[in-house]
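This report is intended for a reader who meets the structure for the first time. It treats the domains, the nonpolar core and the contact between the chains in turn.

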Amino acid sequence: MRAILTLKISISGVRGVVGDSLTPDLLTRFSQAFGTYVGSGRVVIGRDTRTSGEMVRQAVVSGLLSAGCRIVDAGVCPTPTVQLLVRKFRAAGGIAITASHNPPEWNALKFVGSDALFLSGARGRELLDIYHQGEYSKARSPRIRNVETMPGALDLHIAAVLEALGPLPAGRRRPKVVLDACNGAGSVVGPRLLEALGADVVGINTTPDGRFPRPAEPTPENLKALCAAVRDHRADIGFAQDMDADRLAIVSEAGEPIGEERTLVLAVEHVLRGTPGPVVANLSTTHALEPVARRYGCAVYRTPVGEANVTEGMHRHRAVIGGEGNGGVIYPRINYARDSLVGMGLILHLLADSGKTVSELVTALPALEIVKIQFPFPSQRLGEVFRKARREYADLPMDLRDGVKVMLPDAWFLLRGSNTEPVLRVVAEATSEEAARGLAEKVRDRVTEWLA
Amino acid sequence: MKPLKIGVSGVRGVIGETFTPELVVGFAQAFGTYLGPGRILVCRDTRPSGPMVASAVMAGLLATGCDVVDLGICPTPSLQLAVRWLGADGGISITAGHNPTQWNALKFVRQDGLYLTPGQVEELLDIYHQGRFEKATWDVMRTRVERSEAIPHHLDVLEARFDLGAANSRRLKVAVDCCNGSCSLLAPRWLAKLGCEVLAINDDPSSPFPHTPEPKPETAVQVRALVKAGRADVGLVHDADGERLGLVDELGRALSEEVTLALATDIALRQRVGPVVTNVSTTMAIDRIASRYGATVVRTPVGQAYISEAILEHCAVIGGEGNGSVAVPRVQASHDSAAATGLLLCHLAESGAPLSALVDALPQLTMLKEHVAIEPNVIYSALQEFRDAVQDEAGTSVDLSDGVKVAFSDGWVHVRASNTESMIRLIVEADTPSRAADLMDWGRDRLRR
């Protein structure tokens, strides 16, 4: 296998390893390309708490100023805050500086268009063209702008969530919540939002210093400390965020992670109960969504993986809710963005309205278990693997919009390359974890055989 | 040819053309690599491009693992003092000094607060051109802190180095034009400490330059009017970053920028006799003043780095250049218009003499300066041709330490390439205006031949 590269330049942004591929030169060129692309207007920037955040921010600021942009700097904030501010200020665009759930050595630029959506498809390719052509707009001296800091950015976000969802119903017992913000951007806003909703909050890993107390991905194996804290504090629920607070995972009152996939399912349940309508999710998200939506007579539409694809689908189908199985809840009344703050609000309202515990709500969901495995994989051999998979499973129903998704009776699996890292992912869902793992491993072994 | 100069005075270019964020990021990374991961101070003057350039500088420094101390808007000499005071490993001052607003530049300061020497700049350039910069990994990457004490510290040092007694009792009235540059934050406060009644104009760092930030009689129009209207004892004109100083006397006469150093030399030598350092193209009034006190003059090539080195080497009592730059070694071996202000005003207060009398007692000479814009690729061959043309001229001696300086018995002609722009400078000096004009004709003829 060839060396795995540490730089991913794609339509979903530019992502790399600090101290290696993600140099200030590359970052400033990309920012100039973005400034050129959005035409020297107002650009909102924000970052998570990674140790490289300040370096990346400075490179972005210089590139945008050089292109003649006016910068609104939201400082350390969740990625969805950047998107919210782009819409609020009718900005020309935004840049979120975060590698989301990637390990600490990574960082990235995520580009937001004037519609507050991530650039995707054609717009992403246009930006890449400008970057590669290398002829960027250059503001002449008196027309060059300065940076405007935006200290109230987080308050705006909290207010937007409260306005859309309202505080928790009065007169009931205040729920007790443990929040694990992974020392990320959620640290600076999560506890305040929960208190504003009317919950009692215990924070763990809420020091916004970018030192990762656990791997950033809020998957069950990374949430041991949260589970213990939920039990110790006899809390009603535990919430876990990733570094830029777009994803949300849940731990039940028994101190058990319920699985990231169920965050969206529970949020959908709550939203459809009040406002039935179409649901959009990517094609690697649990199929538990369909039976839940059917209870309310609603349809589920599937899109390729990636927030931009999901939000595009949501626009097209006028969805009332959507998201991704990795804990990304998108609630368009607030924001066309994966937003853990919105997710927490929806779930707490579900608990209050239903009067049930998290465990009781989970038990009532369809019995499906999902297993995801991934391994390093050179991107240049993806095509070969997909070709072989299509041939091998040719007689089964398939969805080929993003990698290869194969439907089996009572189960399905998906084979795809990551948008953000040089890895191959296998996702399998079946009626038990054992069956799902068996399926995923079988597929992985086949891939290894094909490559041999 | 595009305006970009990389040389002994740092990296200098025009915003929107050559001075791009990539260029700045590259030089900042080279500087961080050159000094090794350490603490670097960063400051800027008040140009609109300052925030853009500062961000590029800080991104480059952070990427190499440096610790960045952001001083914000701050004069270069304040940064130079702060580098030593804070035990930092170096500094970058973002300023194009006296150049118009569309220019900007990086000035590199080393651990002892002095500019990099030409040899060190060459080493830095080698690192820049090789492009293999230090890269800090996430676990050792540092961050930026803001500090605002550099200017207060500069004021403390000035206060400690001058005896303010006489100045405080005399209460001189001083008109000052800060050109809306970084001196807006330093000069009025220093004048207040000197006990002066301050008439300040253009002291708003958020406003654009009201005129070219180059202190010379042409840019002193506003301060002359202020001196006359306010019956001030002295008028001062600053550049954008606190290195050069222009003077207006109490009669409202704008003095040539050459007079600043001549006056400072006269005052410094009255107080203590010792070596004087200046560059080859500065007025020969310096030599005549020095000879009155029996002091020696050391001439260096043009550029602050050379002046500072020679001040330290010769234990000089004063140094500077004919562009209005003065280094007062008891404050620091670097150009510092606040130190020059202190030297001048303390002496005026002690002696009780008006500025015009001090100026009139200086040797009266005529200096003429011209420049010829020229394509950068033919600058050195033009100088070579000039040198060939004047080599065998009778009754002259030729000094080649910086460009070509031809000394006559009653004057001199100096032809050199600008350090900061793509042009050849022609400077002549003589006892009388007519002789100076003759020398200018003589030099121009031979340059064009």
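## Domains of chain A

In this predicted model, chain A is divided into three parts: domain 1 spans residues 7–151, domain 2 covers 156–363, and domain 3 runs over 369–451.

The centres of domain 2 of chain A and domain 3 of chain A, taken over C-alpha atoms, are separated by 27 Å. Contact between these two domains involves 9 residues of domain 2 of chain A and 11 residues of domain 3 of chain A. On the side of domain 2 of chain A that touches domain 3 of chain A, 5 residues are polar, 3 are nonpolar and 1 is charged.

## The largest nonpolar core

The largest nonpolar core comprises 292 residues. Those with the most contacts inside this core are A:Val268 and A:Phe413, together with B:Val42 and B:Val57. Helix α2 of chain B (residues 50–63) supplies the largest share of this core, with 10 residues.

When residues up to four places away in sequence are not counted, A:Val268 touches A:Val279, A:Leu289, A:Val292, A:Ala293 and A:Ile321.

## Contact between chains A and B

Chain A places 31 residues in contact with 30 residues of chain B. On the side of chain A that touches chain B, the elements giving two or more residues are α1 (24–38) and α2 (53–66) of chain A. The largest share of this side, 9 residues, comes from α2(A).

By class, the side of chain A that touches chain B consists of 12 polar, 11 nonpolar and 8 charged residues.

Methods:
Residues are numbered from 1 along each chain as its sequence is written. Chains are lettered from A and ligands numbered from 1 in the order in which they are written. This is a predicted model: local features need pLDDT of at least 70, side-chain atom pairs count only at pLDDT 80 or more; totals for chains, interfaces and linings use all residues. Domain bounds come from an automatic or database domain assignment. Two residues are in contact if their C-beta atoms, placed from the backbone, lie within 7 Å. Ala, Val, Leu, Ile, Met, Phe, Trp, Tyr, Cys and Pro count as nonpolar, Asp, Glu, Lys and Arg as charged, and the others, Gly among them, as polar. A nonpolar core is a set of buried Ala, Val, Leu, Ile, Met, Phe, Trp, Tyr and Cys residues joined through C-beta atoms within 7 Å. A residue is buried if 20 or more other C-beta atoms lie within 10 Å of its own, exposed if 12 or fewer, and partly exposed in between; C-beta atoms are placed from the backbone. Helices (H or I, at least four residues) and strands (E, at least two) are DSSP runs, numbered from the N terminus.
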